[in-house]
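Please read them with the structure open.

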Amino acid sequence: MVSAGDFRNGITVEIEGNVFQIIEFQHVKPGKGAAFVRTKLKNIKSGGVVEKTFRPTEKFENAHIDRVDMQYLYSDGDLYYFMDVNTYDQIPLSKEMVGDALKFVKENEMVKICSHKGQVFSIEPPLFVELEITETEPGFKGDTATGATKPATVETGAVVYVPLFVDQGDKIKIDTRTGEYLSRA
């Protein structure tokens, strides 16, 4: 149990049957009236952000989030299969559950599966991946003064904007959080 007066950024708590992560909190002591805690909470299952205020003495149940390293095996229609590399247990996840989390992840790469009480709610890909460009237009000499970019399709099928000097067949490093090109690998 954690009281609202002990809130810190990053803590996950259960409120009204939902699991929230505290993004921001502020202890407010007005000149008149009782003190309160103003918070910004992110629903970890839906991704929505809400603002709520609490009395500092209100108590909430801590929500334990399990993050397990799993290997992405393959996709079969609308199901994506993952394997726990320690126990060799395989779990299938639906296309709706995965969303676009695997946009930059190749088969047999490691991802983190996040769950609460056995219910999976998100997939965290590695922060940086190296992928090969399968299709892009050639860059034109002399166009580089403006820092121009061009679309390039990588081996997972995702489209990334890259500088003009990057060609088809090059391996590039991508930040999976933003989908931006970082460098050539």
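**Notes on pockets and pairing**

1. Thirteen residues, written as 13 in the count, line the largest pocket, and those nearest its centre are Lys 42, Ile 44, Phe 121, Ser 122 and Glu 124. A pocket is here an open set of points on a 1 Å grid over the protein atoms alone, where a 1.4 Å probe fits, with protein on both sides within 12 Å along at least five of seven lines, and a lining residue has an atom within 4 Å of a point.

2. This is a predicted model, in which local features need pLDDT of at least 70 and side-chain atom pairs count only at pLDDT 80 or more, while totals for chains, interfaces and linings use all residues. Residues are numbered from 1 along each chain as its sequence is written, and side-chain values use heavy atoms, with hydrogens and water left out.

3. The space in the largest pocket comes to about 310 Å³, a volume being the space filled by probe spheres set on the grid points, which are joined across faces, edges and corners. Strand S11 (residues 119–124) contributes the most to this lining, with three residues; strands are DSSP runs (E, at least two residues), numbered from the N terminus.

4. For the second largest pocket the volume is about 230 Å³, and its lining includes Asp 100, Lys 103, Phe 104 and Arg 177.

5. Six antiparallel strands make up an open sheet, ordered S1-S6-S2-S3-S4-S5, where pairing requires at least two DSSP bridges between two strands. Its edge strands are S1 (2–3) and S5 (49–54). Strand S4 (residues 36–43) pairs with S5 over six bridges, and Val 37 has Phe 54 of S5 as its bridge partner.

Methods: Helix = DSSP H or I, 4+ residues; strand = E, 2+ residues; numbered from the N terminus.
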